[in-house]
Amino acid sequence: MIHPEALGCHIAERRRRLGLTQCQVADRLGITPQAVSKWERGVSCPDVVYLDELASVLDVGIEELLTGASPTEPQSNRTPHEPKKTTPC
């Protein structure tokens, strides 16, 4: 299960790493900056129709966007249902 807060942190961290503003991400997706803000705060999650384009804008794969783990990062000993331990964004 994907936790909205964790997903929001992944989105915010990646956006900041790329030097993008919420407005720039919103413009590229054709949505409002408020929607991006809600995603990053964990208030809501991106609709599935935006995942591919959002991952592209943030220059990551969809799996990395959703989990925060890079495809080359080794899997830890956690169970599939246990969220990855992350620091607050």
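**Reading the model**

Q: Is S44 buried, partly exposed or exposed?

A: Relative accessible area decides this: buried is under 20%, exposed is over 50%, and partly exposed is in between (1.4 Å probe, protein chains only). S44 has a relative accessible area of 27%, so S44 is partly exposed. The model is predicted: local features need pLDDT of at least 70 and side-chain atom pairs pLDDT 80 or more, while totals for chains, interfaces and linings use all residues. Residues are numbered from 1 along each chain as its sequence is written, and side-chain values use heavy atoms, with hydrogens and water left out.

Q: Where is S44 found, and with which residues is S44 in contact?

A: Contact means heavy atoms within 4.5 Å. S44 sits in the loop between α3 and α4. Leaving aside neighbours within four places in sequence, its contacts are K38 and W39.

Q: How many helices and strands does the protein have?

A: Both are DSSP runs numbered from the N terminus: helices are H or I with at least four residues, strands are E with at least two. The protein has five helices and zero strands. Along the sequence the pattern reads α-α-α-α-α. The protein has 89 residues, of which 30% count as buried. Of the contacts between residues at least 6 apart in sequence, 55% join residues at least 24 apart.

Q: Which residues have the most contacts inside the largest nonpolar core?

A: In soluble globular proteins, nonpolar side chains tend to be buried together. A nonpolar core is a set of buried Ala, Val, Leu, Ile, Met, Phe, Trp, Tyr and Cys residues joined through side-chain atoms within 4.5 Å. The largest one here has 16 residues, and those with the most contacts inside it are I11, V25, L29, W39, L54, L58 and L65. At least two residues each come from α1 (4-17), α2 (22-29), α3 (33-41) and α4 (48-57). Helix α4 gives the largest share, four residues.

Q: What does W39 touch?

A: Residues up to four places away in sequence are not counted; the rest are P4, G8, I11, L29, I31, S44, C45, P46, Y50 and L54.

Q: At what angle do the axes of α2 and α3 cross?

A: Two packed helices are described by the angle between their axes and the distance between the axes. Axes are lines fitted to C-alpha atoms, for helices over the stretch in contact, and angles run from 0 to 180 degrees between N-to-C directions. The axes of α2 and α3 cross at roughly 115° and come within 8 Å. The two helices are therefore roughly perpendicular. (Under 35 degrees is roughly parallel, over 145 roughly antiparallel, 65 to 115 roughly perpendicular, and the rest oblique.) The contact involves Q22, C23, V25, A26 and L29 of α2, and P33, V36, S37, W39 and E40 of α3. By type these residues are seven nonpolar, two polar and one charged. (Ala, Val, Leu, Ile, Met, Phe, Trp, Tyr, Cys and Pro count as nonpolar, Asp, Glu, Lys and Arg as charged, and the others, Gly among them, as polar.)

Q: How do α2 and α4 cross?

A: Their axes come within 10 Å and cross at roughly 130°, which means that α2 is oblique to α4. V25, R28 and L29 of α2 meet Y50, E53, L54 and V57 of α4. Five of the residues in this contact are nonpolar, none is polar and two are charged.

Q: Is Y50 buried, partly exposed or exposed?

A: Y50 lies in helix α4 and is partly exposed, because its relative accessibility is 26%. Beyond four places in sequence, Y50 is in contact with L29, I31 and W39.

Q: Where does L66 lie, and what does L66 touch?

A: L66 is in helix α5 (residues 62-67). With a relative accessibility of 21%, L66 counts as partly exposed. Not counting residues up to four places away in sequence, L66 touches I2, L7, H10 and L51. L66 and H10 are 56 residues apart in sequence but 7.4 Å apart from C-alpha to C-alpha.

Q: What is the phi of D59?

A: D59 has a positive phi of about 55°, although D59 is not a glycine. D59 lies in the loop between α4 and α5, and its relative accessible area of 55% makes it exposed.
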